[in-house]
Structures are given as C-alpha cells and as structure tokens.
Amino acid sequence: MKPEVFHPLARLVHWLMAILIISMLFIGVSMVGDLSLRHPLLVELHKATGLALLILVIVRIGLRLTLPHPPLPADLPALQRFAAGASHLLLYGLMLAMPLLGWAMLSAGGYPRPLQLPAIAPHDLQLYAVLRQAHGWAGYLLFATVLVHLGAALMHALVRRDGVLRSMWPGPVRRSE
Amino acid sequence: MNSPLQGPAKALRLAGIGAVMLALGAGFAYAAGWIGGPQLTPQRIIDTFEAQAGHHPGYRKNHAKGLCISGYFQPSGQAANLSTARAFSQARVPVIGRFAIGGANPFAPDTGVPVRSLAIQLSTDDGQIWRTGMNNPPVLAVSNPQGFYDQVLAGAPDPATGKPDPAKLQAFFAAHPESAAFRQWAASYKPSDSFASTQYHSINAFRLIDASGTAHPVRWQLEPQTPFNPLPGQVDDKQFLQHDLQQRLAQGPLRWTLRLVLADPGDAVDDPARPWPAERRSVDAGTLVVEQVDAPEQGACRDLNFDPLILPSGIKPSADPILAARSAAYSESFNRRSRESLGAGAQR
C-alpha cells in the first residue's frame, strides 16, 4: 500500500536541505565576487555547510531507497511523469556531486580541508582547474534545477491542485477532502 | 481533491508562479554580481593587473616572477606561551616557500622593482598548514581595498615612458594621507643586494591564541641574519637576485629570525598603513633556515596559493579589510592561472 504523503523524516530532511542548498547557492555565487570582510566568513560557512549537506544527502538517499513514497497522480501526462523522474534524478546527482566536487577541488588545489579531512584527489593544478570549473557549472545547473523544481511544485499546488505539494508539505497534513 | 483550474484563474496563477521564479533568478543574478552597480571585486583587481602588465598565461597575477625554495623552521620555544600553533613548539618544521619581486610582469628585471616578497608554508606534525606572504615594506600605503585599487591605477605605466606618471602618483598620495608612514619608509629605504639580506613583514596583523584562549594581536617579520650590502647603482643582469640566491645557497643555508611584534591596546591592529611604535614588545619565535632553491617556475611552491588566511589553530586573522581582500584576490589569481595551465603551450 503506497502512502499518500512522504514519511515525516523524509519531509524533515527535504525542507532542511532545501533551506541549506538555496543558502549555499547564494553564498557560493556571492563569495567569489566579494573581497570585503564577509569573504572569509562566507568561505568558512560554505565549507561547513557543504560538509553538512554531504552527510544529509547520504541520509536522504538512504531514506529514499528504504521508505515507501507516494506515487505521482495517475492522470499525470507521460511527458510530465518523465520530466519529474529525470529532474529528481538530476537533483540527487547534483546534491551528491556538489560537496564531493568541492572536497576534491580543495584536495587538488593543495588547500587545507575542514576538520582536516583527507585529500580525495592528488595535488595537481590542472585537475584543480577542471574540478573548480565543474563545481561552478554544476552549481549553476543545480540552481536552475531547483528553480524548475519549485515552479513545478507550485504548478501542482496552484494550477493542477493534485496533492503533490501537500505530500511533501512540512506541517501536519489534513486528510484530503 | 480539487479540479484543475482553467481560463483566467489559471493564467493569473501561472503568471504568479512565473513571477516567483523570475524573482528568485534575479536575486541569484544580483548575488552573483551579474546585475547591479559596478563593485570592486577580486576579478576587477586581477583584470587591472593584467591590463597593466599584459596577459601572461600560467603565471601568478601579481608577484609573478619568483623562485621556489625549501628548508625548515626551528622554533625558539619563546612563542609557545603566546600561541598554541604547533609551529612554535615542534622541534623542526618543514618549510616550502617562494621569493619573488612585486608586480605582474614575470619578465621584469629583478632590481627594477622595489618590492620583494617571501611567502612560506609551514607544515606541522599535527597535520596543519600555515601560509604567510610577506613583503619588504613594513606598512602598506593604504588602509582598505579601494585605496589599494586607487594605488594600482595611479601606478599604471604611462604608454609613452613605460613608467608611472609622477603627477598621478602625487595626486594619489595627496588623496591618501594614510600613506604617510609608507612614504617615509620608501624615502629612507636602501635596497640590499640580495633576497638573503632583505627583511620581510607580514603586512597585516593577526591574533595569536594562547592555551587559555586569550588573543594577542601581532605582526611578524623575518629579520635577515645575512649582513646588509647595498644594491650596486648599475645592475645589468635581469636575474640578478635569482642568480645571487642560487650562488649563496650553493655555499650553504640562509637564515632569518622570525620576530613576533605584539600590539599594545590602542595600536592600529586592523589598519596595515599605520605602524606600531618601535618600542613594542617583541619575541624571537625561532629561525627560518632556507636550504634549497628550485629552477625558475619549478618546485613545490608553484602550484600553491599562499593565501594569508590559511592559518593553523592558534593563529587567527585580524579584522583588517586588506587581509580579507588579499585572500579573495589570491584565490582569483590561482583560479585563473590554473585554467590557463590547461591551455596548449601555456607557460608556468
């Protein structure tokens, strides 16, 4: 029997990560162009939050694979069904890739890592160049995917009115009418 | 379950959703600096260096010309009660580093540039890293990044003469009275004939953290143990300082004393343009011993960013705005030269 809504733990992790990821994207994109006293604080915050997000995404993947989750509405057109599946796969892939790229680029650049984590890539300037650029572009792609995800959630809630947003809503869920 | 909306109600809500997405996208673009007024950014500072000295792929965007060195630091033990940093207590700390001259031109003659620098990395046995980039002037001419940018613009070489326009420099100094201490230093400075007999200063202040958690504001300097000899009036060798360093190190190691100068309450901790009184208490923290030098553009220092905010526990930054700006600009320089290293035929 499939549930009507996501497990409370899945909803908690979803919204916690939503807040952290959107904060991270804004911190990341603003810190590289900032040379004020905010710069070092933002960089520290970015690394600490990135580590927290890496742990959260691993928990999240575990939850997704073990907890039952509600099905998409039966009347959803095939193309939208495909788009939902593909965009979620992309979101999971980017959520996992972003912190790993960050960690690997610090390793390749010869930079110290938070909590003295070990290097996961050799110290190599050319590898650093590739990883640093990949981290940036993956960040833009993640922001675009989050934006589409948000637009789609609002479409479900406000236009289709089909209960999809309610299935992930953070508050208590009213039984549907 | 409600039925899907149709007609004008649907159009209105679609427009609302579009507006939310657009607003978030615009917020992101603003945070990234893609829209909004012109700001002083690390990118703009590095662009300006490249505009003045030319584009030299693969080289550092400032202090472009230098040599990698290695050696060790031997602490005296006298600083261990001021900071818990392992570098002040470990018997012998491996060091790699880089001597360089100021400026963004990797082909400038060594003695054509007054600024000399020494950047070092100390790697302690607790797994921590301390990087510090030091210059020969004890103070900067400016107190903040905008002042620094103004100074770079004022020092732009005149296309006709290849030298900075004296009128522009004069206007800059007139507009920046905080440069008084720097001008006084520059007027009395006698360059030595070697990197080895040059004194290097931390430029910015930091805070040493002792075992009880108390912070001690500090500037540090490397005092040469090699006797001073003035630079000859006429130097023809463009690699004069590099050749000198190679010759000296072929004969034996070179030494500097790392001196920690401690601030009194009221001293300008967050302003790199203002010197502290000469009678401030200082501590001999140990000896830097340089043993080896690598070939130009080779060696362990090449692929490192000597970001002055890479600090071990026991040393923290001050709130000096130039310190934060250095960290941001060094990172941009490192990112650019790493990208350039991917290009075919790029020099490094």
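**View 1. Chain A is built from four helices and zero strands.** Helices (H or I, at least four residues) and strands (E, at least two) are DSSP runs, numbered from the N terminus. This is a predicted model: local features need pLDDT of at least 70, and side-chain atom pairs count only at pLDDT 80 or more, while totals for chains, interfaces and linings use all residues. Residues are numbered from 1 along each chain as its sequence is written, and chains are lettered from A and ligands numbered from 1 in the order in which they are written. Going along the sequence, chain A reads α-α-α-α. Its C-alpha trace spans about 55 × 30 × 30 Å along the principal axes. Chain A has 177 residues, and 26% of them count as buried; buried takes 20 or more other C-beta atoms within 10 Å of a residue's own, exposed takes 12 or fewer, and partly exposed is in between, with C-beta atoms placed from the backbone. Of the contacts in chain A with a separation of 6 or more, 66% come from residues 24 or more positions apart. Two residues are in contact here if their C-beta atoms, placed from the backbone, lie within 7 Å.

**View 2. Helix H2 of chain A runs over residues 38–66.** Its 29 residues reach 41 Å from first C-alpha to last, close to the 42 Å expected at 1.5 Å a residue (the expected span is 1.5 Å times one less than the number of residues). Which residues of H2(A) are buried? They are His39(A), Val43(A), Lys47(A), Gly50(A), Leu53(A), Val57(A) and Arg60(A). An α-helix has 3.6 residues a turn, so residues three or four places apart point the same way. The cover over the buried residues of H2(A) includes helix H1 (8–31) and helix H3 (78–108) of chain A, along with helix H7 (321–340) of chain B.

**View 3. Gln116(A) sits in the loop between H3 and H4 of chain A.** Gln116(A) isn't a glycine, yet has a positive phi of about 55 degrees. Is Gln116(A) buried or exposed? It counts as exposed, because it has 11 C-beta neighbours inside 10 Å.

**View 4. Chain B meets chain A with 41 residues of its own, against 34 residues from chain A.** On the chain B side, the elements giving two or more residues are helix H1 (7–31), helix H2 (42–53) and H7. H1(B) supplies the largest share, ten residues. Sorted by class, this side of chain B has 26 nonpolar, eleven polar and four charged residues. For the classes, Ala, Val, Leu, Ile, Met, Phe, Trp, Tyr, Cys and Pro count as nonpolar, Asp, Glu, Lys and Arg as charged, and the others, Gly among them, as polar.

**View 5. Helix H4 of chain A (residues 125–160) crosses H1(B) at roughly 160 degrees, with the axes coming within 10 Å.** That makes H4(A) roughly antiparallel to H1(B). Axes are lines fitted to C-alpha atoms, for helices over the stretch in contact, and angles run from 0 to 180 degrees between N-to-C directions. Under 35 degrees is roughly parallel, over 145 roughly antiparallel, 65 to 115 roughly perpendicular, and the rest oblique. The crossing of H4(A) past H1(B) is right-handed; a crossing is left-handed if the near helix is turned anticlockwise from the far one by less than a right angle, and right-handed if clockwise. Residues making the contact include Phe143(A), Leu147(A) and Leu150(A) from H4(A), and Leu14(B), Ile17(B) and Phe28(B) from H1(B). The contact residues split into 13 nonpolar, two polar and two charged.

**View 6. Helix H3 (residues 145–154) and helix H4 (residues 166–175) of chain B have axes within 9 Å of each other, crossing at roughly 160 degrees.** H3(B) and H4(B) are therefore roughly antiparallel. H3(B) passes H4(B) in a left-handed crossing. On one side are Asp150(B), Gln151(B) and Ala154(B) of H3(B), meeting Lys168(B), Leu169(B), Ala171(B) and Phe172(B) of H4(B). By class, that's four nonpolar, one polar and two charged residues.

**View 7. Two loop residues of chain B are Phe107(B), between strand E2 (93–101) and strand E3 (116–123), and Ile203(B), between strand E5 (200–201) and strand E6 (206–209).** Phe107(B) counts as exposed, because it has 11 C-beta neighbours inside 10 Å. Phe107(B) and Lys238(B) are 131 residues apart in sequence, but 8.4 Å apart in space, C-alpha to C-alpha. Ile203(B) counts as buried, because it has 23 C-beta neighbours inside 10 Å. The phi of Ile203(B) is positive, near 70 degrees, in a residue other than glycine.
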